[in-house]
Amino acid sequence: MFVATEEQLVKASFGPTLKKPVEGYFPPEKNHSKNLTNFILALATFFLVNVTWVFFRSPDFNSAWKILRSMFINLPKGTAVLSYLDIYKVALITVGLVVSHWLMRNTMVLKVAGKMPGGFWVLSGPS
Amino acid sequence: MYRKESQPVKSLLDFSLFVTFFPHLVAGPIVRPPQLVPQFLTPRKANSQQLMQGLFLLSLGLFMKVFLADGMLSGPANTVFGTQDPLKTLDAWMGVLAFSGQIFFDFAGYSSCAIGAALCLGFTLPQNFLFPYAAVGFTDFWRRWHITLSSWLRDYLYIPLGGNRLGKYRTYFNLMVTMLLGGLWHGANWTFVVWGALHGFYLWIEKAFRDLRNRSKAYRCLLQRKNNW
């Protein structure tokens, strides 16, 4: 019987440590160690990715420029459109998102879940 | 299939199942025949571990999509991107960060649901996201964000264009074309093309840095060998 273990889930996305890329699989970049330099580089990457999302989300170039200008220039006529609650909400979720990604970057969701207290039920069972 | 790297599907029934396999039918992950068709050859029945893992991924995905993306983040993102007036710096950033989180939780949540639903039935689908916002650089980012799309673009666009085998300038050209068309894949609007161009440009800079570092490393090696003589 086919049993999807963690290893097989990894394999399904990347293949084992492949010598040559196999169709449909992407060998991961060699794992960067979790030091401060790499964390700063990751934050820089996240920053630049956010700039690209402006174009992805904006319906046209006018509004994309408007957002970019608002982001990088302190416009005198800039209006506040978000409530404090919204700002706290977004800030909290963003920090949580980036930090959790950083902490788990060299692992997998199911692996983390299996290690959580009470998480044994996720990974337990006949193996 | 076209490059003879996979076998033809054995029966019309299996082929139809591959095309209509419901967990990934609506929005991916993009699954290739070699990843799924072999799993059709034997009868599937999830064991308790697969069922539990599947249900966990399904709940996690629903939480990401329904609570975080739709409930928490779509509101502020829509407000900021829907405003006509110039914005305060803080508000503009919060709107962009909200969208950044929204698009991740939406799509990764959906992918997690699809993988979980398939796992509940005893099928394994490829991972689609691997903590992308912890990426160090853009090569790393594209191996963590929408993995099944980037590997598809690599195999059916970048490599057929010549990949990195036709010299330095052609490699840069191929990278950019891949990212531009990857942008267009998301929708017929020039903003998506600019999004792709920006990513292509980032990849260029990263590649230039890497080439430079490799060259100086090779040069240092050479110097050292000379000194040793």
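User: How many helices and how many strands are there in chain B?
Analyst: This is a predicted model, and the elements of its chain B, followed from the N terminus on, run α-α-α-α-α-α-α-α. Counting by type, chain B therefore has eight helices and zero strands.

User: Is chain B more spread out or less spread out than a compact globule?
Analyst: Along its principal axes, the C-alpha trace of chain B spans about 65 × 55 × 35 Å. For 229 residues the globule rule gives 17 Å, and the radius of gyration of chain B, at 22 Å, is well over that value, so chain B is more spread out than a compact globule.

User: What percentage of the residues in chain B is buried?
Analyst: A residue counts as buried when its relative accessible area is under 20%. Applied to the 229 residues in chain B, this cut-off gives a buried share of 53%.

User: Among contacts in chain B between residues at least 6 apart in sequence, what percentage joins residues at least 24 apart?
Analyst: The contacts considered here are those in chain B between residues at least 6 apart in sequence. Of these, the share that joins residues at least 24 apart is 59%.

User: What is the area buried between chain B and chain A?
Analyst: On the two sides, 87 residues of chain B are in contact with 78 residues of chain A. Carbon and sulfur atoms give 69% of the area buried between the chains, and that area is about 7,900 Å².

User: Which side chains meet in the salt bridge between chain B and chain A?
Analyst: The count between chain B and chain A is one salt bridge, and its distance, taken from N to O, is 2.9 Å. The side chains that meet there are those of B:D140 and A:R105.

User: Which elements of chain B give two or more residues to the side that touches chain A?
Analyst: Between the two chains there are 20 residue pairs in polar contact, counted where both residues are at pLDDT 80 or more. The elements of chain B that give two or more residues to this side are α2 (33–40), α3 (48–82), α4 (89–120), α5 (138–142), α6 (147–158) and α8 (190–228).

User: How do the residues on that side of chain B divide into nonpolar, polar and charged?
Analyst: Sorting the residues of the side of chain B that touches chain A by type gives 14 charged and 26 polar residues. The remaining group, the nonpolar one, holds 47.

User: Is A:N38 buried or exposed?
Analyst: A:N38 is found in helix α2 (residues 36–57) of chain A. Leaving aside neighbours within four places in sequence, A:N38 is in contact with A:H32, A:S33, A:W102 and B:V136. Its relative accessibility is 11%, and because the cut-off is under 20%, A:N38 counts as buried.

Note on methods: Residues are numbered from 1 along each chain as its sequence is written. Chains are lettered from A and ligands numbered from 1 in the order in which they are written. This is a predicted model: local features need pLDDT of at least 70, side-chain atom pairs count only at pLDDT 80 or more; totals for chains, interfaces and linings use all residues. Side-chain values use heavy atoms; hydrogens and water are left out. Contact means heavy atoms within 4.5 Å. Buried area is the accessible area (1.4 Å probe) that two parts lose on being put together, summed over both. A salt bridge is a side-chain nitrogen of Lys or Arg within 4 Å of a carboxyl oxygen of Asp or Glu. A polar contact is a pair of N or O atoms within 3.5 Å; within protein, one must be able to donate a hydrogen and the other to accept it, and residues adjacent in sequence count only if both atoms are side-chain atoms. Helices (H or I, at least four residues) and strands (E, at least two) are DSSP runs, numbered from the N terminus. Ala, Val, Leu, Ile, Met, Phe, Trp, Tyr, Cys and Pro count as nonpolar, Asp, Glu, Lys and Arg as charged, and the others, Gly among them, as polar. The radius of gyration is taken over C-alpha atoms; the globule rule is 2.2 Å times the number of residues to the power 0.38. Buried means under 20% relative accessible area, exposed over 50%, partly exposed in between (1.4 Å probe, protein chains only).
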